[in-house]
Amino acid sequence: MDKDERLLHASSFGAAAVAYDEHRPDYAQAAVRWALEPAPGSRVLDLGAGTGKLTSTLVALGAEVIAVEPDPAMLTELRRSLPSVRALSGSAEAIPLPDASVDAVLAGNAMHWFDMAVAGPEIARVLAPGGALAGLWNVMDDRVEWVAGLARVSGSAAIGPRDTPTSWRAETADMHLPKTGVAARFGSPEQAEFPHGTA
């Protein structure tokens with residue numbers, strides 16, 4: 001997917017912001033705790049925050065959260081549902097925060113939209129020394145028969161390459177790296193799975 005196509009797709013969520021907020025799952029607290037474990041403090045940036053699904057999990061865990069979201073409709077929904085959270089318009093490529101201002105940057109189902117050649121230096125800029133970067137993805141468990149059946153009949157129209165346990169590891173292993181040959185800003189990735197269900 002080229003840069004223009006990625007921007008077009010990334011900006012398409014706002015038209016369905018209310019439905020997105022209503023139907024998308026939240027994030028497993030165990031996964032978020034694991035992602036925050038190496039962080040030197042509790043100041044967390046939820047980057048590409050959408051309607052605040054990850055933001056609300058971070059708040060519940062006691063983090064000092066700043067949410068940054070580029071889509072105005074998604075940002076409006078986030079501000080409506082989480083009025084006490086500082087929520088700013090911005091993107092991974094232009095983060096509206098000062099240098100070394102957060103201890104961790106988390107992205108929930110969003111990092112694949114980032115242009116890491118530009119976003120990598122921006123994320124590194126806002127992270128405090130020793131800070132952590134983590135991408136989190138909710139996936140559909142295709143080891144469950146009805147989910148596997150849905151994947152078979154719908155194909156990529158409903159279930160993408162990062163949406164199942166059988167493929168997300170390979171699809172996200174180098175998500176933190178720029179695709180342009182620019183030097184990486186972050187160390188080797190670690191991956192872990194955490195069970196999480198939603199009704």
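**View 1. The chain has eight helices and five strands.** This is a predicted model: local features need pLDDT of at least 70, side-chain atom pairs count only at pLDDT 80 or more, and totals for chains, interfaces and linings use all residues. Residues are numbered from 1 along each chain as its sequence is written, and side-chain values use heavy atoms, without hydrogens or water. Helices (H or I, at least four residues) and strands (E, at least two) are DSSP runs, numbered from the N terminus. From that end, the elements run α-α-α-β-α-β-α-β-β-α-β-α-α.

**View 2. Five strands form an open sheet with parallel pairing.** The strand order is β3-β2-β1-β4-β5. Two strands pair if DSSP finds at least two bridges between them. β3 (86-89) and β5 (127-136) are the edge strands, each pairing on one side only. From one strand to the next, the twist averages 20°.

**View 3. β4 (residues 102-108) pairs with β5 in the parallel sense.** Six bridges join the two strands. V102 stands opposite L127 in β5.

**View 4. Helix α6 (residues 116-126) packs on the sheet.** Helix α6 touches β1 (43-47), β4 and β5; contact means heavy atoms within 4.5 Å. The directions of α6 and β5 make about 135°. Axes are lines fitted to C-alpha atoms, for helices over the stretch in contact, and angles run from 0 to 180 degrees between N-to-C directions.

**View 5. Burial across the chain.** Of the 199 residues, 44% count as buried, meaning under 20% relative accessible area with a 1.4 Å probe, protein chains only. Residues 24 or more positions apart account for 65% of the contacts with a separation of 6 or more.

Note on methods
Buried < 20%, exposed > 50% of the residue type's maximum accessible area, 1.4 Å probe, protein only.
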